[in-house]
Amino acid sequence: MIRDARGLDLYIRGLAKDMSTRGFDVPAAIPAEADLAGYLAFTIVGHIPDPDASLAAEMRIAEIWRPVLSDRWERAEYAYDLIDRPLGRRRAYHLHDADAARAVLGVAAHEHCEEILGAPTCDHYRGLELGDGHQGIDLLDAAWVRPGNLGCAAMVCLQRS
Amino acid sequence: MTNRFYTPREVSDILQVSPTTVMERIHAGVLPAVRVSERIYRIPVPALERFVSTDPAPEFHVEYRRVDRVTTIGEPIAAVAAVVEDLVEA
C-alpha cells in the first residue's frame with residue numbers, strides 16, 4: 001500500500017470517519033508525527049460508551065509509514081487495538097518490529113487476545129497481515145459487537161507468557 | 001447485559017423498511033455492519049444510533065507535528081528476543 005501525501009491524509013481521515021460511523025466517538029483532530037527521516041505516524045483513538053458500565057471501550061488505530069520515493073509512503077507498521085474495558089478483555093492485530101518479530105515469532109504480523117484484560121495467557125498469537133486500517137476496524141468492531149468469549153484458546157500461540 | 005447489536009430484521013422493524021432494504025444499505029456501505037459469518041450480519045447499536053442521528057457528521061483533520069523520531073507502536077518484541085537469547089545461552 002503506497003500513497004502520496006494527499007492520499008495518506010485522505011486515508012487517515014477516512015479511518016476516523018469509519019470509526020465514527022460505527023458509533024465510536026473520535027476527536028476531530030487526529031494527531032500525527034513526521035520525523036527527520038521522513039517517517040509518518042498517527043494514532044486515532046475512539047471511545048464507545050457502554051450503557052451498563054461507567055467505562056468506555058477504546059479502539060486505537062496506529063500506523064507508521066516509511067518514505068519510499070519522493071512524496072510516496074508505504075505502511076511499515078500497524079497496531080490495531082480494542083480495549084473492551086466494560087467487558088474486561090482485549091483484542092489486537094499488530095505488525096511492528098518486523099525483523100525482531102520474524103526472528104522470535106517466525107512471522108511479522110501477530111495478534112493479541114486477552115479474555116481477561118491485563119492477564120494474557122499468550123504474549124503473541126499467530127496472525128495474518130491485514131490489508132489496511134479499515135480491515136482492522138472491521139475486525140475489532142466485530143469483536144466488540146459480540147460479547148462473551150473472544151476465542152483466544154483456539155488461536156495459535158507463538159510466545160507464551 | 002444490554003445487547004450491543006441489532007439483527008438486520010430488528011433494524012428493518014426499527015426503521016420501518018423491509019429486511020431487503022436493510023441488506024441493500026449494508027452492501028452499499030451506507031449502514032455500518034459487521035459480518036460475523038458468511039451470511040450473517042450484525043449492526044452495532046451505536047452505529048445505528050449514528051445512522052439515524054440528525055447530528056452533522058464530524059469533519060476530521062490531521063494535525064501534523066515535527067519530531068526527531070516517530071513514536072513506536074505496539075509492545076516491543078526486542079524485549080522478548082532478549083529473553084530468548086538468554087534462554088539459548090543458558
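**Ground rules.** I number residues from 1 along each chain as its sequence is written, and chains are lettered from A and ligands numbered from 1 in the order in which they are written. In this predicted model, local features need pLDDT of at least 70 and side-chain atom pairs count only at pLDDT 80 or more, while totals for chains, interfaces and linings use all residues.

**Entry 1: the contact.** I looked up who takes part, and found 44 residues from chain A and 36 residues from chain B. Two residues are in contact if their C-beta atoms, placed from the backbone, lie within 7 Å. On the chain A side, the elements giving two or more residues include helix H1 (5-21), strand E2 (29-35) and helix H3 (133-145). Helices (H or I, at least four residues) and strands (E, at least two) are DSSP runs, numbered from the N terminus.

Entry 2: I found E2(A) running parallel to strand E4 (residues 61-67) of chain B, joined by 7 bridges. Two strands pair if DSSP finds at least two bridges between them. Here Ala29(A) stands opposite His61(B).

**Entry 3: a sheet in chain B.** Next I traced an open, antiparallel sheet of 3 strands, ordered E1-E3-E2. Its edge strands, E1 (5-6) and E2 (34-37), each pair on one side only. E2(B) meets E3 (residues 40-44) of chain B over 3 bridges, with Arg35(B) opposite Tyr41(B).

**Entry 4: a visiting helix.** Which strands of chain B does H3(A) touch? I noted E1, E2 and E3, and a direction about 65° from that of E2(B). Axes are lines fitted to C-alpha atoms, for helices over the stretch in contact, and angles run from 0 to 180 degrees between N-to-C directions.
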